[in-house]
Amino acid sequence: MLDLTINQQGLESAVACAREKNIVIPTLEQMCHPERIPASIKEKLGSLGLWDLDPLNLFRITWKNEPAASGGEYGGVNHIELPSSLTGVPARIVLLVGKWFPTGAHKVGAAFGCLAPRLVTGQFDPRKQKAVWPSTGNYCRGGAYDSNLLGCESIAILPEGMSQERFDWLSKVAGETIKTPGSESNVKEIFDKCWELRNSGDDIMIFNQFDDMGNYLWHYTVTGRAMAELVESLTDDADKRFRGVVLSTGSGGTLASGDYLKQQFPHLKVAACEALQCPTLLNNGFGAHRIEGIGDKHVPWVHNVRNTDMAIAVDDEVPMDLIRLFNEPAGIEALKAQGVPAEIAENLNLLGISSVANMISAVKFAKYYELGEDDVVLTVATDSMEMYQSRLAELTAERGEYDADDAAYSRGVLASTTIDNMLELGYYDKKRIHNLKYYTWIEQQGMAFEDIQAQWYDEHYWENIQKLAPEVDKLINEFNARTGLLEG
């Protein structure tokens with residue numbers, strides 16, 4: 001559960017820190033409805049770059065930023081709809097676009113969701129404590145970004161095999177970066193390093209996205225509402241035509257949006273996708289893979305498995321091949337020749353590696369359910385190719401320059417997407433997946449046995465977390481009132 005107990009001493013220190021650094025905290029409601037942000041804040045944003053290390057950019061943690069590198073205002077939910085000429089299915093595949101968040105990935109929102117409740121309750125003292133951000137990449141970047149704005153020391157933890165761009169960026173923003181063994185699926189090694197830091201005697205607070213319900217609450221409230229608003233704008237018959245939301249597992253946070261959506265559209269199906277090389281949900285599998293942006297070999301504590309209807313596994317070779325098709329000049333030209341509109345073909349760099357995996361999973365979902373041209377499937381472009389240019393260079397060094405023949409092959413890979421490695425989850429399939437939490441969270445990480453039981457059997461467990469959004473906003477408003485910054 002999300003603890004909102006007030007620590008008065010820590011709160012006074014956090015308020016003083018915010019006042020000193022001129023930090024105003026946005027509410028979850030403002031992230032859903034940026035039109036409600038004070039005019040004085042909006043005016044100042046006009047001169048800021050999207051990635052600038054300025055506290056005002058906290059107010060750009062929203063799906064509704066104008067897609068501009070600097071000086072942007074607000075608009076509708078950022079998204080890209082992929083045409084049938086690209087996907088090969090008649091259904092409408094639509095991705096929310098994460099590039100237009102600060103840091104270029106929506107994980108900065110999840111990091112805020114974990115940090116803000118502890119800051120405005122005084123549980124985290126930015127003057128005394130180091131903030132530790134365990135991640136496979138984007139989340140620790142978001143955490144380091146938020147920490148930098150607060151002027152507190154941060155420690156980013158991520159596997160050594162992640163893209164070089166992540167480490168280059170962190171070297172400029174994070175106080176310290178710790179590389180753990182392995183790559184995308186080596187999450188336990190990250191957790192082991194967290195225990196080492198806990199036992200070091202240093203005054204730290206670990207913001208673990210995999211078990212922190214602030215992650216769940218942010219995505220349920222902000223991403224879920226953005227998705228609902230988007231789909232209502234796409235079709236006049238959302239109650240019937242909004243067929244599914246397909247999301248890679250990662251920390252499990254984004255899947256919380258499915259909980260919100262199912263409450264609005266009860267017929268909806270929620271699908272969780274993962275790498276075929278590490279099919280934890282599909283068949284309790286393990287392994288290593290190249291889909292950067294999702295971590296595996298465990299089921300996140302924040303994943304409400306009871307609400308997941310399907311598991312989908314994607315061969316990691318597919319997104320690695322398609323990022324070349326979507327980004328190399330020969331690939332883009334081939335797509336245009338195939339009938340993909342130029343405005344789409346030239347903007348597929350909005351999809352990073354895990355985003356392409358999400359797209360493929362959505363295509364598999366649409367094929368499995370034989371969806372028609374009026375049906376809508378949503379997924380997320382977590383980040384863009386901005387963080388993966390080194391991967392393109394590595395693929396060129398390994399496989400040679402990408403030419404028209406390669407593009408023809410890649411288009412064949414996309415066209416041959418099938419409904420293999422998919423599983424509709426019945427009651428006991430879901431319970432099997434949920435039970436995997438025991439080994440990570442009860443045996444290794446010290447969670448209470450009563451809580452894992454409550455997650456499955458207590459019908460109010462997840463609802464009680466969802467209801468905390470207004471309370472978090474109330475605490476944020478009180479925090480801002482104590483700093484007195486909005487009054488000026």
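Visitor: Which residues do ring pairs link into a cluster?
Guide: In this predicted model, ring pairs join Y216, Y220, Y260, Y461 and W462 into a cluster. The structure holds 18 aromatic pairs.

Visitor: Why is the pair of W133 and Y139 called edge-to-face?
Guide: The planes of the two rings stand at 65°, and an angle over 60 degrees counts as edge-to-face. Their centres are 5.5 Å apart, and rings pair if their centres lie within 6.5 Å; the pair of W133 and Y139 is therefore edge-to-face. Both W133 and Y139 are buried.

Visitor: What makes K179 lie over the face of F167?
Guide: K179 is at 4.5 Å from the ring centre of F167, where the limit of distance is within 6 Å. R306 likewise lies over the face of W456, at 4.5 Å from the ring centre.

Visitor: How do you know that β3 and β4 pair?
Guide: Strand β3 (residues 130-134) and strand β4 (residues 154-159) share 4 bridges in the parallel sense, and at least two bridges are required. One of the contacts in this pairing joins P134 to its bridge partner in β4, I157.

Visitor: Why do β5 and β6 stand at the edges?
Guide: The open sheet has 4 strands in the order β5-β4-β3-β6, with parallel pairing. β5 (176-180) and β6 (204-206) each have a single partner strand, so one side of each is left without a neighbour in the sheet. From one strand to the next, the twist averages 20°.

Visitor: Which helix lies across β3, β4, β5 and β6?
Guide: That is helix α8 (residues 187-198), which runs at about 150° to β4.

Notes
Residues numbered from 1 in each chain as written. Predicted model: local features only at pLDDT ≥ 70, side-chain atom pairs only at ≥ 80, totals over all residues. Heavy atoms only, no water. Phe/Tyr/Trp six-rings, centres within 6.5 Å; stacked < 30°, edge-to-face > 60°. Buried < 20%, exposed > 50% of the residue type's maximum accessible area, 1.4 Å probe, protein only. Lys NZ or Arg CZ within 6 Å of the ring centre and 35° of its normal. Helix = DSSP H or I, 4+ residues; strand = E, 2+ residues; numbered from the N terminus. Axes fitted to C-alpha atoms, helices over the stretch in contact; angles between N-to-C directions. Contact = heavy atoms within 4.5 Å.
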